[in-house]
2 protein chains.
Amino acid sequence: MKTSRHFGLLLFPGVTQLDLTGPAEVFGSVPDAQLHLIWKDRVPVATGHGWRIEPTTTFADCPQLDVLCVPGGSGQIALMDDEETLDFLRRQAQGARYVTSVCTGSLVLAAAGLLRGYRAACHWMSRDQLALLGAIPDARRIVMDRNRITGGGVTAGIDFGLFLVALLCGEDVARGIALAIEYDPHPPFEAGVPEHAGEALVRRVEQDAERRQALRMAATLRAAKRLGL
Amino acid sequence: MKTSRHFGLLLFPGVTQLDLTGPAEVFGSVPDAQLHLIWKDRVPVATGHGWRIEPTTTFADCPQLDVLCVPGGSGQIALMDDEETLDFLRRQAQGARYVTSVCTGSLVLAAAGLLRGYRAACHWMSRDQLALLGAIPDARRIVMDRNRITGGGVTAGIDFGLFLVALLCGEDVARGIALAIEYDPHPPFEAGVPEHAGEALVRRVEQDAERRQALRMAATLRAAKRLGL
């Protein structure tokens, strides 16, 4: 008898909703998938823009995952100091086939010590912080290094999800999902990475994020210290 | 004093989560946005892959929206016979600046009589059904006809969301959001539309959806009859 494949995504307060839903939509479309949204308890969690999603399981009840995935978002900052979360990730990472993240979720994996010596992706604005945690920042949209697979910022989670499903289940399954979700993107303008956005826009977006980035850097430095780096 | 812009998305049982979250992530990133997830009551709603999201408002309490958006998913079929939902859409559409949809959400707008004589997009597999409801099917990923803006299947919602925000708030705001969500898609393979997927894959995906498509067609025919078409 064929057993289910367990895909688990961390669902934490302040998660960027599209970081989570991009890969979750892809994973959930795998025929034998069991999809888990995991948090400390089952109380609905307020995501980045405020609306609330119910976790489907808890740290205590979650089965061993085949794929462990940590999305990003401003709430990721608090997770970097949260030993309960970091312990859960370390425990799952021992048995998971793939240990993965999207966006700033890679900083959480790194804070748990799970990316030391691994190449990894991250949201462009926070990518450099990976180096402080012993990882090797990589500007590609999907980065695979042994069993660590990490995606870039937010929407990279869809590319990442399809890549991972192709790896796990074969390209034909992944292509079927791409067709079902009509994944033939046509961005109305080219501004999705700093190289295309232009200096003025990059500066404005960075300024809007300045306070958050300072908090993120402080959390990264604390985590680096705990890792002895 | 500048007032908020109200963006509202229908959150219904069986909604495809990415249909909703793609545009919601983009809309929620507009500086003066108030984002509403709307259903009949505030009880958490089970989305397409089973996980539950809490509506933020109800049909009765929802303010007049600037942007009304109906996502798709298998749950859309039941909405086509649901007068309470169709009435809500017709009422909001009278005052909304833009009446919009993603994926099979356009069939719900059409069932409400809101796309008669309008060009509209839809998921590729259900696009032809629009014609039965008096709309003009259009294979483009984003279709604008007067104040109706409709997106194609699932992931088209991100392109659609950025297009709409550019229209409402100016291209600079939309480009800033594209950069913040790192929207520089690199699909790992070209299979997102039937023309690229190849005949065998199209046939398999259509076969997997056969039962759902029959139910959808039956609902479309009932709605067409009610519209006198």
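Trainee: In which sense do strand 6 and strand 7 of chain A pair, and over how many bridges?

Mentor: Strands of a sheet pair through backbone hydrogen bonds, either parallel or antiparallel. Strands (E, at least two residues) and helices (H or I, at least four) are DSSP runs, numbered from the N terminus, and two strands pair if DSSP finds at least two bridges between them. Here strand 6 (residues 67-70) and strand 7 of chain A pair in the parallel sense over four bridges. A:Val67 stands opposite A:Tyr98 in strand 7 of chain A.

Trainee: What should I know about the model and its numbering?

Mentor: This is a predicted model, in which local features need pLDDT of at least 70, side-chain atom pairs count only at pLDDT 80 or more, and totals for chains, interfaces and linings use all residues; side-chain values use heavy atoms, with hydrogens and water left out. Residues are numbered from 1 along each chain as its sequence is written, while chains are lettered from A and ligands numbered from 1 in the order in which they are written.

Trainee: Is strand 7 of chain A mostly covered or uncovered?

Mentor: A residue is buried under 20% relative accessible area, exposed over 50%, and partly exposed in between (1.4 Å probe, protein chains only). Strand 7 (residues 98-102) of chain A is mostly covered, with five of its five residues buried. On one side lie A:Tyr98, A:Thr100 and A:Val102, and on the other A:Val99 and A:Ser101.

Trainee: What is the strand order of the open sheet in chain B?

Mentor: The seven strands have the order 5-2-1-6-7-11-10, with mixed pairing. Strand 5 (57-58) and strand 10 (142-145) of chain B stand at the edges with a single partner strand each, so one side of each is left without a neighbour in the sheet. Strand 7 and strand 11 (residues 148-151) of chain B run parallel, joined by four bridges; B:Thr100 has B:Ile149 as its bridge partner in strand 11.

Trainee: Which residues of helix 3 of chain B are buried?

Mentor: They are B:Thr85, B:Leu86, B:Phe88, B:Leu89, B:Gln92 and B:Ala93.

Trainee: How can chain B be laid on chain A?

Mentor: Two copies of a chain are related by a rotation about an axis and a shift along it. Copies are superposed by least squares on the C-alpha atoms of residues with pLDDT of at least 70 in both. Chain B can be laid on chain A with an RMSD of 0.0 Å by a turn of 180° and a shift of 0.0 Å along the axis. That is the relation of a two-fold axis.
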